[in-house]
Amino acid sequence: MTVSRSRSPPVTVITDKKSFRKAIPILASDRARLPKLLAKLTPVQRRWTETAGFEGAANTHTIVPDEQGGAAMVLAGVRDADDVWALANLPLKLPAGRYELGKGPLTIPADNAAFSWALGSYKFAKYRKSGRVPAELQVEDSTKVVLALQCAEAQRLVRDLVNTPTEDMGPEHLANAAREQARQFGGKYREWVGEQLLAENFPAIHAVGRAAAPDRQPRLIEITWGNPKNPKLAVVGKGVCFDTGGLDIKGAEGMRLMKKDMGGAAHALALARLIMQRKLPIRLHMLIPAVENNISSNSYRPGDVIKTRAGHHIEIHNTDAEGRVVLCDALAYAVEQKPKTIIDFATLTGAARVALGPELPALFCNDDKLAARFEKAALTLEDPMWRMPLWRNYRRFFDSDIADFTNSGRGGFAGAITAALFLDYFVPSEVSWAHFDVYSWNDVSRPGRPLGGEMQGLRAVLASIS
Ligand SMILES: [Zn+2]
């Protein structure tokens with residue numbers, strides 16, 4: 001299998017044996033095992049390693065020459081044999097050419113090698129020439145390698161969707177991406193757009209998105225797939241393609257990255273893709289409420305009361321707490337289909353970032369067993385998350401004088417928890433439900449994880465439901 005996508009440079013992991021050719025071996029080591037590795041080299045090569053200052057530190061490397069001055073091997077410093085990002089630093093640093101895993105003191109599993117290489121090759125190149133071509137890695141195909149490359153492909157998809165500016169990633173663009181994915185894997189696609197949302201009783205999605213331009217009308221995007229007899233899983237993603245904050249407008253700094261407020265939708269699409277691609281024994285129901293939270297004379301207002309699909313009246317305390325408002329109609333619709341499990345992803349609150357920072361999605365879950373599975377997979381797969389409490393006493397923060405409850409907690413305490421509690425109103429306790437408050441963004445570049453859009457927690461979720 002050779003994976004390539006048109007937008008970014010091709011993923012250069014080759015697993016088709018017929019395409020294998022002579023390749024430069026990569027020998028992995030940590031600091032402690034380096035002497036063992038050096039002992040196998042010629043004196044000149046050892047001397048070269050010293051000259052190059054290679055000490056086996058993670059994410060460093062050196063090319064060791066043969067007697068003719070060609071490349072004999074690459075020595076790669078790796079944290080340890082379990083590092084899922086083991087080779088991520090190499091594809092864009094090594095000279096273009098073909099490489100393979102060699103026998104070093106550390107054995108890098110082929111799936112981690114493939115995964116880290118595929119993501120180490122990623123650059124978002126839609127709007128400029130991507131520069132150099134990444135180096136290629138050839139690894140033997142296996143079930144695990146296929147999974148690793150499918151996960152990497154999903155991760156590149158999330159990054160592409162999130163990195164694309166709003167002008168090219170509005171509600172309609174998201175819909176097109178979903179429609180194309182449904183077509184590719186035999187899912188059934190459906191959508192409700194603009195006034196249809198009112199006619200079919202999705203009033204909250206319409207209220208948030210109605211102020212957007214006529215060609216950027218709010219919509220609900222749906223993919224259904226799989227044998228109806230299989231356990232039903234609803235996957236829901238917040239698709240706020242841009243969040244100005246609405247009439248409670250954000251400041252310039254808070255608005256700057258708001259093209260990424262559809263990160264939850266990108267996660268939902270990626271998870272749906274993996275479920276369909278891997279033909280999991282699941283009845284999939286994917287939903288994305290896609291809107292632009294914009295400003296116009298018909299914007300929804302602070303103090304307005306909106307009737308939701310589930311029948312609750314909510315008083316809008318703050319128009320910038322719009323994600324939960326569009327999600328509540330999607331959740332209500334998901335619940336009507338009687339799913340066993342609902343998983344939602346949303347770039348929902350700044351409070352989750354204050355609590356956990358950019359690298360840890362906040363997990364809220366009404367099912368301890370499901371949460372435990374997620375947390376275990378998160379550790380094993382280096383796809384971290386942190387569980388936070390659905391502390392229902394804080395429902396008092398939503399007290400409204402004129403409606404059933406408000407859309408954002410008063411007082412500003414526990415913002416990530418109260419956002420999750422708002423969603424909790426719409427999911428009955430007999431449905432297993434997990435809510436991920438994700439950042440969907442890398443604030444800094446690390447090997448394999450460049451600054452920009454990011455997929456978080458999803459590999460762990462996939463492993464838990466497979
Ligand atoms: Zn907002």
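**View 1. Salt bridge between Arg79 and Glu382.** The side chains of Arg79 and Glu382 form a salt bridge with an N to O distance of 2.8 Å; the term denotes a side-chain nitrogen of Lys or Arg within 4 Å of a carboxyl oxygen of Asp or Glu. Between domain 1 and domain 2 the count is one salt bridge. The model shown is predicted: local features need pLDDT of at least 70, side-chain atom pairs count only at pLDDT 80 or more, and totals for chains, interfaces and linings use all residues. Residues are numbered from 1 along each chain as its sequence is written, and side-chain values use heavy atoms, with hydrogens and water left out.

View 2. Domain 1 spans residues 13-141 and domain 2 spans 151-465, bounds that come from an automatic or database domain assignment. Their C-alpha centres lie 38 Å apart. Contact (heavy atoms within 4.5 Å) joins 17 residues of domain 1 to 17 residues of domain 2. The buried area is about 1,500 Å², and carbon and sulfur atoms give 59% of this value; buried area is the accessible area (1.4 Å probe) that two parts lose on being put together, summed over both. Of the area that domain 1 buries against domain 2, Trp85, Leu119 and Tyr122 supply 42%, more than any other three residues.

**View 3. Zinc site.** The protein donors are Asp243 (OD), Asp320 (O), Asp320 (OD) and Glu322 (OE), at 2.0 to 2.2 Å from the zinc ion. Donors are N, O and S atoms within 2.8 Å of the metal (3.2 Å for Na, K and Ca); water is not among the atoms, so sites may look incomplete. The arrangement is irregular because the four donor atoms subtend angles of 72 to 170° around the zinc ion; four donors count as tetrahedral if all angles lie between 85 and 135 degrees, four count as square planar and six as octahedral if opposite donors are over 155 degrees apart and all others between 65 and 115, and anything else is irregular. The donor residues follow the spacing D-x76-D-x1-E. Asp243 lies in strand β10 (residues 239-243) and Asp320 in the loop between β13 (313-315) and α10 (323-336), 77 residues apart, so that the pair links distant parts of the chain. Helices (H or I, at least four residues) and strands (E, at least two) are DSSP runs, numbered from the N terminus. Asp243 is buried at 2% relative accessible area, whereas Asp320 is partly exposed at 24%; buried means under 20%, exposed over 50%, and partly exposed in between (1.4 Å probe, protein chains only).
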